[in-house]
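Reader: I would like to go through the labels used for this model and see what stands behind each. Where do we start?

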Amino acid sequence: MEFLSRAILSRSESTQILCEMSQIDESTLDIQQTEDGVLGRLFVFSSTSPQTAISIRKYEDVTVGRGNTNTYQLIQSTASYRHFRVYSVLVDDDMDPLVYCEDLSSNGTFLNHCLIGKGNVVLLSDGDILDVRHCASFLYQQKNITDDDYHHEYDGDEFSITHRLLGTGGFSRIYMAIENKTGRQYACKIIDKKKVSSTRFYDDHEVSILKKLNHPNIVHVAMDYNSENQFFIFEELVTGGDLFSYLTKMGTVPEVTCLFIMYQMLQALGYLHSQNIAHRDLKLENILIVSSNDSVFRIILTDFGVARCMEKGKRMSTFVGTLEYTAPEIRDLKGRSRRCKEMNMGYGKEVDIWSLGIIMYLLLSGNSPTFSSDGTIVFEDEVWKTISRQAKDLISSFLQKLPIQRPTVQEAEEHPWFFRHKSRLEKLYKTRILKQYPL
Ligand SMILES: Nc1ncnc2c1ncn2[C@@H]1O[C@H](COP(=O)(O)OP(=O)(O)O)[C@@H](O)[C@H]1O
Ligand SMILES: [Mg+2]
């Protein structure tokens, strides 16, 4: 409660309607606090209706607008039928939920005075104020706030790094950052140099690879920064969570959704492989979702931490990746890395195709694959009964033990699972991805 009044005080000048409002009714707050599964609340301030609070729950969208199907209805004619949408992404049980607001209105929704803009999404932080001008204001209160006292060494002028944690990985932590000039939100990956091997960091670091790339399905880097113990990558904020949290929420992913995800993965991978770059750590956590409001959504490949620009004619020989997704030829390397290097044996780009097979199996069934003693993949679970023969056939070809037997990206695109929907997929990709995010 104390916090709430503080938030209003510090921001009271920013909103017209808010200035006119009386104190928050404490009884509303108490009732809401006992509710289970509430991630946060939006306190509504409007001159035409009594003060109320909207609960934001796990996996439930909140919509605000003129239409009577919205969670909260606005009566003013200046409001759009659906003005904005608030949704949550749960990355990890240990992390605060990420609550986002998507502006759906051409009249605009404002966050702390700044226009979000139709189709744009912002991450909400405790005490933020959303405004539908001349209609109502909404104060966001987050339920749990974890104290994150992570120290960073960035002292540049371009960005302010906030304490909002977006995700964590083996070597890094990702925070929301704000570009000082524009107020735009970004993701900032802070890499702890002590955790990464010096060769990986200096010789082939992810930012040097990422800076060469420009593709709608690959994360876009805005700036990087180097300090004594840390390395910073400022990149586009991707607001739909990663495929891991999506699968956790969904249990399994419908085949048609999986088809468009895999199609985009092939676009990204085709682009990388044509430049002789292997990602080497393809997994659900490294595939981000732009917004999953629809069954068709854009995905973005990230985490080029162990990606590698391959020299012509040279195989790779480092034991990298994530075990569950790792191709057998990488696992076979364990302890033999140096010898393989000397003899130029190692492995190639086919390791990414194997990981793609694991990802596809996981998405469709919600489980990791099992193999029979002869190395063939088992589709025993009930869930596979409703999945097409072509999908299973493609997974089997991705998960061939011998790298040479796996299809290349181009060959995979010709597989019947994609090929029978070729023109629809191409059209969808053009209208939903390329039109909005041109190369
Ligand atoms: N640009 C981004 N926008 C939003 N979330 C992100 C972004 N980049 C990473 N994340 C989140 O942070 C997690 C870790 O990031 P990642 O780059 O994979 O770090 P690591 O190399 O340590 O694994 C991801 O799994 C994802 O959930
Ligand atoms: Mg990662």
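Author: With burial: a residue is buried if 20 or more other C-beta atoms lie within 10 Å of its own, exposed if 12 or fewer, and partly exposed in between. This is a predicted model, and of the 439 residues of the protein chain, 38% count as buried.

Reader: Why is Lys-312 called exposed?

Author: Lys-312 has 5 other C-beta atoms within 10 Å. The cut-off for exposed is 12 or fewer, so Lys-312 is exposed. Lys-312 sits in the loop between β20 (308-309) and α8 (328-331). Its C-alpha atom is separated by 8.0 Å from that of Asn-276, 36 residues apart along the chain.

Reader: What makes His-113 exposed?

Author: The count for His-113 is 12 other C-beta atoms within 10 Å. Since exposed means 12 or fewer, His-113 is exposed. His-113 belongs to the loop between β7 (110-111) and β8 (114-115), and has a positive phi of about 90 degrees although it is not a glycine.

Reader: And why is His-134 called partly exposed?

Author: His-134 has 13 other C-beta atoms within 10 Å. Exposed needs 12 or fewer and buried needs 20 or more, so His-134 is partly exposed. Its place is in the loop between β10 (129-132) and β11 (136-142). His-134 also has a positive phi, of about 65 degrees, without being a glycine.

Reader: How do you know that Leu-90 is partly exposed?

Author: Leu-90 has 16 other C-beta atoms within 10 Å. That count falls between the limits of 12 and 20, so Leu-90 is partly exposed. Leu-90 lies in the loop between β5 (84-89) and β6 (98-103).

Reader: What does Leu-90 touch, not counting residues up to four places away in sequence?

Author: Leu-90 touches Lys-58, Pro-97 and Ser-245. Ser-245 is 155 residues apart from Leu-90 in sequence, yet C-alpha to C-alpha the two are 6.4 Å apart in space.

Reader: Which residues have the most contacts inside the largest nonpolar core?

Author: They are Leu-42, Val-86, Cys-101, Phe-138, Cys-188, Met-360 and Phe-398, in a core of 103 residues. Helix α10 (residues 350-365) supplies the largest share of this core, 11 residues. Leaving aside neighbours within four places in sequence, Met-360 is in contact with Cys-258, Met-262, Ile-395 and Phe-398.

Reader: Which residues come nearest to ligand 1?

Author: Of the 23 residues around ligand 1, these are Gly-167, Gly-169, Ser-172, Ala-187 and Asp-303. The elements giving two or more residues to the shell are β12 (159-168), β13 (172-179), β14 (185-192) and β16 (230-236). β12 gives the most, with 3 residues. Domain 2 (159-236) and domain 3 (243-434) each provide at least three residues to the shell.

Reader: How many residues of each class are in that shell?

Author: The shell around ligand 1 has 9 nonpolar, 8 polar and 6 charged residues.

Reader: What is the mean pLDDT of the protein chain, and where does pLDDT stay under 50?

Author: The mean is 87, and 87% of the residues reach 70 or more. Over residues 1-24 the pLDDT is below 50, and this stretch has 31 contacts in the model beyond near neighbours in sequence. Residues 28-34 also stay under 50, with 9 contacts beyond four places in sequence.

Note on methods: Residues are numbered from 1 along each chain as its sequence is written. Chains are lettered from A and ligands numbered from 1 in the order in which they are written. This is a predicted model: local features need pLDDT of at least 70, side-chain atom pairs count only at pLDDT 80 or more; totals for chains, interfaces and linings use all residues. A residue is near a molecule or strand if its C-beta atom, placed from the backbone, lies within 6 Å of it. Helices (H or I, at least four residues) and strands (E, at least two) are DSSP runs, numbered from the N terminus. Ala, Val, Leu, Ile, Met, Phe, Trp, Tyr, Cys and Pro count as nonpolar, Asp, Glu, Lys and Arg as charged, and the others, Gly among them, as polar. Domain bounds come from an automatic or database domain assignment. pLDDT is the predictor's confidence in each residue, from 0 to 100. Two residues are in contact if their C-beta atoms, placed from the backbone, lie within 7 Å. A nonpolar core is a set of buried Ala, Val, Leu, Ile, Met, Phe, Trp, Tyr and Cys residues joined through C-beta atoms within 7 Å.
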